[in-house]
Amino acid sequence: MNIQSLDFDDEPTFVVLQDANKQQVKILRDHTTLSGFITTVLSECGDSNEVSLPVIETDGILTLIADYLTRHKGVVPKPIKKPLVTTDLSYSVDDEWDVNFIDKELNVIKELACVANYLSIEPLVELCCAKLATLIKGKDASTFKEALDL
């Protein structure tokens, strides 16, 4: 009978992300690789599996970031088709989950875009920008300003 030894190095490693309000989320370390910032922090901190993100001050944004990273599992999604030909994002974004994920209120989209930019999550920044673009596509300047709450 051939018995293989257990290799505990194959166990998944989790990372704890914490925002300015001390809210924490736990996600697989492999799923954080879409974030250049988190990847850099983890590589510079050696064995630490905790990342403090004081730039995230809005409730719920950390959970959205974790949801996005967990969904994509460290794999860059297909690029968004440009130019946007319609205000329906499903024509430009292949993943229906992404289309539904970014269907948020304007203030949430803007905050998510800023945080994704800070964390260097380029596909999420592009998704946020594409959604914002659909909100202003075909509108005149005054309606454009109103649509973006400027």
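In which loop does Asp 30 lie? In this predicted model, in which local features require pLDDT of at least 70 and side-chain atom pairs count only at pLDDT 80 or more, totals for chains, interfaces and linings use all residues. Residues are numbered from 1 along each chain as its sequence is written, and side-chain values use heavy atoms, with hydrogens and water left out. Asp 30 is found in the loop between E2 and H1; helices (H or I, at least four residues) and strands (E, at least two) are DSSP runs numbered from the N terminus. With a relative accessibility of 58%, Asp 30 counts as exposed, where exposed denotes over 50% relative accessible area, buried under 20% and partly exposed the range in between (1.4 Å probe, protein chains only). When residues up to four places away in sequence are not counted, Asp 30 touches Lys 73 and Gly 74, contact being defined as heavy atoms within 4.5 Å.

The strands form an open sheet of three, in the order E2-E1-E3 and with mixed pairing; two strands pair if DSSP finds at least two bridges between them. Strands E2 (24-28) and E3 (50-53) are the edge strands, each pairing on one side only. From one strand to the next, the twist averages 25°; axes are lines fitted to C-alpha atoms, for helices over the stretch in contact, and angles run from 0 to 180 degrees between N-to-C directions. Strand E1 (residues 14-19) and E2 run antiparallel and are joined by five bridges, with Val 16 standing opposite Lys 26 in E2. Lys 26 in turn lies over the face of Phe 14, 5.0 Å from the ring centre; the criterion for a charge over a ring is that NZ of Lys or CZ of Arg is within 6 Å of the ring centre and within 35 degrees of the ring normal.

H1 lies across E1 and E3 and runs at about 130° to E3. H2 packs on the sheet, where it touches E1, E2 and E3, and its direction makes about 5° with that of E2.

Phe 37 and Tyr 118 form a tilted pair, at 5.0 Å centre to centre and 45° between the planes. Because Phe 37 belongs to helix H1 (residues 36-44) and Tyr 118 to helix H4 (residues 106-118), this pair ties together parts 81 residues apart in sequence. Phe 37 is partly exposed, at 24% relative accessible area, as is Tyr 118, at 40%.

Tyr 68 and Trp 97 form a tilted pair at 6.5 Å centre to centre, with 45° between the planes. Tyr 68 lies in helix H2 (residues 61-72) and Trp 97 in helix H3 (residues 96-101), so the pair connects parts 29 residues apart in sequence. Tyr 68 is buried, at 1% relative accessible area, whereas Trp 97 is partly exposed, at 28%. Tyr 68, Trp 97 and Phe 101 make up one aromatic cluster, and the charged end of Lys 104 sits over the ring of Phe 101, 5.1 Å from its centre.

Key
Phe/Tyr/Trp six-rings, centres within 6.5 Å; stacked < 30°, edge-to-face > 60°.
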